[in-house]
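Hi,

Here is the model I promised to pass on. Have a look at it first, and my notes follow below.

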Amino acid sequence: MRKLGILLKINFQAMLRSFSVGKKRSAGWIGALALMAFLALYLSGVYSFMLADLLSSIGNLQLLIPMMTILATIVSVIFTIFAASGLVFGSKDSNLLLPLPVSAFTVMLSKVLALYLENLVFSGLWMIPATVAYLFYGGGSAFLIFPIIISIIFVPLLSSLFALLGGWLIAFLSAHSRHRALMGNLISGILLAVVLIGSMRVNHILQALLLNANQVEKTLHTGLFLFGWLMDGLQGNFLSLLWLVLFCFLPFLLISWALSSHYQKLLSKMQSHVLRNDYHLQKLQSNSQFAALFKKECGRYFGTTIYLFNTGIGVLIMIGFSIYALVAGQSLLDFVQQIGEKILVPILALGICAIISMTNTTCVSISLEGNTFWVLKGSPVPTKIIFSAKAALNLIICWVGTIVSVPLLGIAFSLPVLSTISLLLVGLAMGIFVAQFGLMANLKFPKMNGENDTIIVKQSASAFCGIFGGMLLTALLAGAFYLLSSHLEIEQFLFLASAFLFLLALAIHRWLLTRGAEIFKTL
Amino acid sequence: MLKISEFSKTYAGGKKAVDHLNLEVHSGEILGFIGHNGAGKTTTLRAVAGILDFTEGEITIDGHSIQKEPVEAKREMAFLPDNPDIYEFLTGIKYLNFLGDLYEIPAKVREERIKTYADAFEITGVLGSAIGGYSHGMKQKLSLVSAFMRKPKLLILDEPFVGLDPQASFLLKGFLREMCETGGAVFFSTHVLEVAEKLCDRVAIIKQGKLIKVDTTASIVGDESLEQVFLELEKEDVPHA
């Protein structure tokens, strides 16, 4: 137990270090935590009060806490499933930890618990607005805090377990494949699709159930029985709470123990590589410096599953949704008529900008150079070309997503040509901004000594800044349109927004070539 | 070929790693850079290679300032760090071709050079495999092939003999000598004093960031071994600037 405590402490410190910004270590993780807290509180607040209002009107407020707990679990799994593969099975410190007189179970558990800690913090923050909404709408007395705290502590074990199983599957199948990166990408893609389809189904179930209280009670006591126990616990049934605790805790422990039995073997397999000794020199092709660097960036991007999925997930969803919109056709048009055709283009613009701002590869691409950074710095290549190659990859990913999706959405929703062009333009302009802004964020908050790629891609300060900076700008643009909507048509606004994004990108580009290049020299 | 003038480097936190260093490496010579751990060898080599930024002093390679004309200066040299950390997701041949592109070496020329050096270091067969599967020694050999492929005027090596098998070490010494005979220059750090004694035309000894001795190997060694001289110098106090 003491050894587990020591390892946990190290993992926890590594997690905090991953947010560090130069010497201002505490500022980094406090900032990251504040951002995470704001997002969790904001999203949960919107959902909680919306659901509470709806549920109380049909006399089913007791469903609020279980439903918000289900949502917290889904969001946690989506956020940590790829991190599990990197943090638990892809960490570089296994050569250091496994020779220590500590069992493989302890080593693995310490890493899984670090993952759990992340889910615990998120879950705790997520449930605060839900509890407030529950109390506000007269759901019960302060006594219910106890069952909610129990659920906050134990239910994240469940999401950590799902993430662990997903991470194990990715690691296991990749380790047993000759084309490791390709297999990792394939399995991650399938898992992502399963989680997204699953969460859409849950969403459908929840929407349908809202209209039928008896059906809700039944489902929470059958398919989603765990959350049914939570609901019973809120009504004072301590035995149900005990069942909830046991059903979260025991499978977590048992499956972690079972997976740890071949943890060492799996890590060894992952570290071993196929080395062929039959290569014969062939004719080589020369490229320009830019082309060589761009190809290298592509190799890094498509060869690193966590990098590919963490930054490419938005574009994949956007393309997936636009194809779905084209296929779903009439049913979506009916939905659009319900919500009002006037807000369709603003909603699509918001969605496109939000997704493109999430697609930020440049905010970690310098950090990912890590120990190999000397190759770039020692090469006779102007910094401008290095930046251009990094930005070009980001730009192409964003642009491909926009160019494929927007025309499909235009056809699916029968949008006027001008609306489609304005959406296309704002997507392309957002792509230019994101690529430049990401580089700036990475230069400002570099992390050249990340323990592994997962920490750099998911937890570094530049990743937070790059992605949420873009989202903040999207929110500001949405606010600007809200204020100007009585004076401007959405298409006019989108043309102006595109010009603004382009000018902003240009200003950042100039900064990159001057101050940015100076910072690059000092890294 | 290489001129270091009044070079100093102070790290964040106030530690002065190198203090007013003056050193020259001439065409056709091999200069060994020795000193104990933390003496400032790697800091100097990395600054010369343009990897480490500095504010005091001047470093020129073949007349090009590494700070004012970094691209021109880097084109004339090749640097290999003590740990061969290279892109593990690339295959050996893709890595060599990548560097060939960055250094703008014509395809035909790089093919010939890769063949010469990869065959010599016996790594041609594995060039089609991902570098992630290479051993430490193989990565080092690949890095050496990449350096010689560039035919640099100045070769900067940080501990090049650590991790190499005896045959590869022997080959490397031969290639270094050959390079100098054709007008190139080599500046390398090492802890293997026997190698420095036998291979270097001149030796520079650094202690606590200050250059305490630089001369021809024969003059420094005299009737003793380089090891004895080095240990004696290590006992002496560092002269203040």
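To start with the interface: how many residues does the contact take from chain B and from chain A? The contact takes 36 residues from chain B and 31 from chain A, where two residues are in contact if their C-beta atoms, placed from the backbone, lie within 7 Å. On the chain B side, α3(B) gives the largest share, 6 residues. By class, that side has 19 nonpolar, 9 polar and 8 charged residues (Ala, Val, Leu, Ile, Met, Phe, Trp, Tyr, Cys and Pro count as nonpolar, Asp, Glu, Lys and Arg as charged, and the others, Gly among them, as polar).

A word on the basis of all this. It is a predicted model, with local features needing pLDDT of at least 70 and side-chain atom pairs counting only at pLDDT 80 or more, while totals for chains, interfaces and linings use all residues. Residues are numbered from 1 along each chain as its sequence is written, and chains are lettered from A and ligands numbered from 1 in the order in which they are written. Helices (H or I, at least four residues) and strands (E, at least two) are DSSP runs, numbered from the N terminus.

Now the helices of chain A. The axes of α5(A) (residues 104-136) and α6(A) (residues 145-175) come within 8 Å and cross at roughly 135°; axes are lines fitted to C-alpha atoms, for helices over the stretch in contact, and angles run from 0 to 180 degrees between N-to-C directions. That makes α5(A) oblique to α6(A) (under 35 degrees is roughly parallel, over 145 roughly antiparallel, 65 to 115 roughly perpendicular, and the rest oblique). The residues of this contact between α5(A) and α6(A) divide into 12 nonpolar, 6 polar and no charged.

Another pair is α19(A) (residues 417-444) with α22(A) (residues 490-522), packed at about 20° with axes 8 Å apart. That makes α19(A) roughly parallel to α22(A). Their contact has 24 nonpolar, 6 polar and 1 charged residues.

Over in chain B there is an open sheet of 6 strands, in the order β6-β7-β8-β3-β9-β10, with mixed pairing (two strands pair if DSSP finds at least two bridges between them). Its edge strands are β6(B) (77-80) and β10(B) (210-216). β9(B) (residues 202-207) and β10(B) pair in the antiparallel sense over 6 bridges, and Ala204(B) has Val214(B) as its bridge partner in β10(B). Helix α9(B) (residues 226-235) lies across β3, β9 and β10 of chain B, at about 30° to β9(B).

Cheers
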